[in-house]
Amino acid sequence: MNWFLKLFIPKEKEITDTMKKFLIVGLGNIGAEYVNTRHNIGFKILDYSARKEGISFQTTKFGEVAEFKTKGRTLILLKPNTYMNLSGKAVKYWMEKENIAKENILIITDDLNLSFGSIRIKTKGSDGGHNGLKNIQLLLNTTDYPRFRFGISDAFKKGRQIDYVLGDWNEEEKIKLPERLEIGSQIITSFVLAGLSETMNLFNGK
């Protein structure tokens with residue numbers, strides 16, 4: 001019987017461990033000039049979550065990574081250093097390196113089609129014209145992965161979209177941002193511990 005257990009128990013444990021591992025990806029651009037821009041809200045939410053946990057990011061292949069555990073789950077926070085348009089390269093690498101299923105990744109990104117601070121969590125969907133999501137879709141060859149869209153609104157004049165998304169938050173947004181970052185951190189925790197469906201029910205529209 002022992003040889004039989006040796007063959008199968010490690011594999012079962014490996015599957016269980018894999019299901020308890022999550023990749024949380026915040027999209028953004030590297031560089032000091034982008035730190036406080038609307039396009040970098042994914043980075044900002046992960047930075048906030050890391051501070052709450054008392055952990056720091058380490059520069060590694062294709063990004064900055066921080067890791068912590070909560071209630072038996074391992075969370076790998078990833079800020080790709082590939083720039084927005086090549087985000088898929090970092091996501092694919094870390095999914096394969098850590099053997100993480102697409103159901104256990106959460107992509108955090110800005111969304112022009114939602115009012116400031118609005119939240120939309122989805123199981124799948126199109127890239128919506130977002131270059132980061134477009135590259136992830138291309139390299140993963142699927143649109144079927146969880147994503148958390150954070151509204152930045154579309155309060156820009158025609159032809160000024162790039163300036164707007166790469167611009168800083170206005171004063172009113174800066175005042176409201178800390179509360180929104182806290183909710184973003186709660187969404188990550190809920191996704192990992194309660195699952196995607198429950199997280200959608202709790203936070204969509206907040």
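Which residues point one way from S5, and which the other way? Ile105, Ile107, Thr109 and Asp111 point one way, whereas Leu106, Ile108 and Asp110 point the other way. The legends below take up this strand and its surroundings.

The model is predicted, so to speak of local features pLDDT of at least 70 is needed, side-chain atom pairs count only at pLDDT 80 or more, and totals for chains, interfaces and linings use all residues. Residues are numbered from 1 along each chain as its sequence is written, and side-chain values use heavy atoms, with hydrogens and water left out.

**View 1. The sheet is open and has seven strands.** The strand order is S2-S3-S4-S1-S5-S7-S6, with mixed pairing. Strands (E, at least two residues) and helices (H or I, at least four residues) are DSSP runs, numbered from the N terminus. Two strands pair if DSSP finds at least two bridges between them. Strand S2 (58-60) and strand S6 (119-122) stand at the edges; each has a single partner strand, so one side of each is left without a neighbour in the sheet. Neighbouring strands are turned by 25° against each other on average, direction ignored.

**View 2. Strand S5 pairs in parallel with S1 and S7.** Five bridges join S5 (residues 105-111) to S7 (residues 147-151). Four bridges link S5 to S1. On the S7 side, Asp110 has Phe150 as its bridge partner, and Thr109 stands opposite Arg149.

**View 3. S5 is mostly covered.** Seven of its seven residues are buried (under 20% relative accessible area; exposed is over 50%, partly exposed in between; 1.4 Å probe, protein chains only). In a regular strand the side chains alternate between the two faces of the sheet.

**View 4. Helices H2 and H6 lie across strands of the sheet.** H2 (residues 41-53) lies across S1 (21-26), S3 (63-70), S4 (73-80), S5 and S7, at about 140° to S4. H6 (residues 171-193) lies across S1, S3, S4, S5, S6 and S7, at about 155° to S1. Axes are lines fitted to C-alpha atoms, for helices over the stretch in contact; angles run from 0 to 180 degrees between N-to-C directions.

**View 5. Thr109 sits in strand S5.** Thr109 is buried, with a relative accessible area of 0%. Its side chain makes a polar contact with the side chain of Asp110 (3.4 Å). A polar contact is a pair of N or O atoms within 3.5 Å; within protein, one must be able to donate a hydrogen and the other to accept it, and residues adjacent in sequence count only if both atoms are side-chain atoms. Leaving aside neighbours within four places in sequence, Thr109 is in contact (heavy atoms within 4.5 Å) with residues including Leu27, Ile41, His130 and Leu133.
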